[in-house]
Amino acid sequence: PPASQNNEQGSTLRDLLTTTAGKLRLGSTDAGIAFAPVYSTGGASGKSGRTMPNILDDIIASVVENKIPPNRAPKINVKSEIKDEPKDDKKCIQDDCSKRYSDIQYSWICDKHVLWLRDHKNSNNWKLFKECWKQGRPVLVSGMHKKMNFSLWKAESISLDFGNQQADILNCKDSIISNTNVKEFWDGFEDVSKRQKIKNGETALLKLKDWPSGEDFKAMMPARYEDLLKSLPLPEYCSPEGKLNLASHLPGFFVRPDLGPRLCSAYGEFLSCNTGVAATKDHDVGTTNLHIEVSDVVNILVYVGIAKGNGVLSKSGVLKKLEEEDLDDLLRKRLKDSSELPGALWHIYAGKDADKIREFLQKIAKEQGLEVLPEHDPIRDQSWYVNKKLRQRLFEEYGVKTCTVIQFLGDAIILPAGALHQV
């Protein structure tokens with residue numbers, strides 16, 4: 001819209017709501033949006049003589065109505081409303097948690113940026129989770145596979161039940177998508193000799209993306225859908241009906257976000273797994289490029305298959321490759337635990353660093369002689385996997401540090417909306 005119109009209605013949701021409420025408060029008949037005056041009078045409705053609000057418009061206006069004096073502009077300075085915030089949230093939350101949640105098994109990893117809940121069965125986990133989630137920090141919950149029917153998630157089981165289905169399969173090395181029978185994908189999941197070859201004779205790095213997803217998942221895989229839902233971490237938040245899940249409270253006339261679930265499966269050059277891939281030998285190709293999710297996401301690693309065939313690294317070789325990453329000491333300790341099975345390598349960035357990362361990737365694109373169009377957004381387009389050399393430059397030149405997380409079998413990674421990540 002024109003600048004004048006944008007200023008009039010407000011550039012943020014808060015501005016829009018307060019501007020509208022101010023006009024309603026002042027008796028304007030042209031509020032500039034779809035809803036009109038909100039309350040009716042009369043009836044046995046208490047001292048105010050107003051009926052209880054029963055639609056979203058009433059609720060919005062009632063929240064802001066008494067905060068805007070008639071003789072003042074309806075703008076609100078958002079910053080002025082933020083009071084008494086601690087200067088060091090990270091230190092504050094950690095010191096406080098160690099005293100208040102001594103009954104919860106947890107640790108801080110990635111330079112104390114990620115909360116690791118080590119006992120998925122502890123019914124008090126959600127209390128500590130809430131404290132961490134207020135700060136917009138990722139959360140890792142381990143051991144979820146112990147609650148699941150493991151046989152349902154094996155590659156051969158899915159292939160046997162759904163091998164005749166057609167789906168889009170992405171070759172991550174050359175970004176070519178083909179529609180093919182999913183049995184071909186699953187046959188090569190753990191047997192490298194059955195994997196497709198690309199033009200130069202290399203083995204294809206395939207990804208079966210978001211198959212199936214949403215309502216299709218529930219309809220096609222009811223047993224797996226139920227197994228997943230009963231095994232979700234922090235059900236108070238992650239369950240579709242959880243008391244802390246905002247989506248469960250939305251009125252029926254809202255267009256709800258796609259809550260999934262969806263199955264993401266991919267090959268690795270030495271390790272394959274459902275929902276992720278450990279790494280390729282040169283660490284330059286990922287199965288999920290750097291991007292931002294518009295809603296909070298929980299990603300559970302339900303199965304890891306050890307690939308077999310010529311040129312495939314042994315488990316010890318995989319561990320050696322992963323140890324080359326910039327890992328937290330606790331993650332290195334998990335790598336040495338023979339009972340743990342690593343499956344996916346994540347690089348996570350805070351949402352506040354998005355603009356710096358975007359600028360950095362555009363700079364790298366120009367260095368590589370790529371055309372950078374004004375409307376091009378490397379994060380939105382998911383066109384980059386940031387390799388180790390680039391991650392180092394990102395830190396040195398822009399001060400943006402990468403949070404590296406290894407996801408082991410049964411780990412659930414919970415990411416807040418706006419967090420950047422690649423896998």
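Analyst: Buried means under 20% relative accessible area, exposed means over 50%, and partly exposed is in between, using a 1.4 Å probe and protein chains only. This is a predicted model, where local features need pLDDT of at least 70 and side-chain atom pairs count only at pLDDT 80 or more, while totals for chains, interfaces and linings use all residues. Residues are numbered from 1 along each chain as its sequence is written, and side-chain values use heavy atoms, with hydrogens and water left out.

User: Is asparagine 245 buried or exposed?

Analyst: Let's find it first: asparagine 245 is in the loop between helix 10 (235–238) and strand 7 (265–266). Helices (H or I, at least four residues) and strands (E, at least two) are DSSP runs, numbered from the N terminus. The relative accessible area of asparagine 245 is 12%, so this residue is buried.

User: Which residue has its backbone oxygen 2.9 Å from a polar atom of the asparagine 245 side chain?

Analyst: Contact means heavy atoms within 4.5 Å, and beyond its neighbours within four places in sequence, asparagine 245 is in contact with Glu236, Tyr237, Cys238, Ser239 and Pro240. Its side chain reaches the backbone oxygen of tyrosine 237 at 3.5 Å. The 2.9 Å distance goes to the backbone oxygen of serine 239.

User: What percentage of the residues of the protein count as buried?

Analyst: For the overall picture, the protein has 14 helices and 16 strands. Of the contacts with a separation of 6 or more, 69% are between residues 24 or more positions apart. Among the 423 residues, the share that counts as buried is 45%.

User: What is the order of the strands in the open sheet of five?

Analyst: Two strands pair if DSSP finds at least two bridges between them. The edge strands are strand 1 (106–109) and strand 11 (297–300), each pairing on one side only. Neighbouring strands here are turned by 20° against each other on average, ignoring direction. With mixed pairing, the order is 1-2-3-15-11.

User: What is the bridge partner of asparagine 299 in strand 15?

Analyst: Strand 11 and strand 15 (residues 412–415) are antiparallel and share four bridges. In strand 15, the residue bridged to asparagine 299 is isoleucine 413.

User: What angle does the direction of helix 5 make with that of strand 2?

Analyst: Helix 5 (residues 125–134) packs on the sheet and touches strand 1, strand 2 (114–117), strand 3 (139–141) and strand 15. Axes are lines fitted to C-alpha atoms, for helices over the stretch in contact, and angles run from 0 to 180 degrees between N-to-C directions. On that scale, helix 5 and strand 2 make about 175°.

User: How many of the 10 residues of helix 5 are buried?

Analyst: The buried residues in helix 5 are Asn125, Trp126, Leu128, Phe129, Glu131, Cys132 and Trp133. The helix is largely enclosed by the rest of the structure, so the number of buried residues is seven.

User: Which side chain makes a polar contact with the side chain of aspartate 411?

Analyst: Aspartate 411 is in the loop between strand 14 (403–408) and strand 15, and counts as buried at 0% relative accessibility. A polar contact is a pair of N or O atoms within 3.5 Å; within protein, one must be able to donate a hydrogen and the other to accept it, and residues adjacent in sequence count only if both atoms are side-chain atoms. At 3.0 Å, the partner is arginine 334.

User: Which residue in strand 5 is the bridge partner of leucine 170?

Analyst: Strand 4 (residues 166–171) and strand 5 (residues 176–181) run antiparallel, joined by six bridges. They form a hairpin with four residues between them, and serine 175 in the turn has a positive phi of about 60°. Leucine 170 has as its partner isoleucine 177.

User: What does the count of disulfides come to?

Analyst: A disulfide is a pair of cysteine sulfur atoms within 2.5 Å. By that rule, the count is zero.
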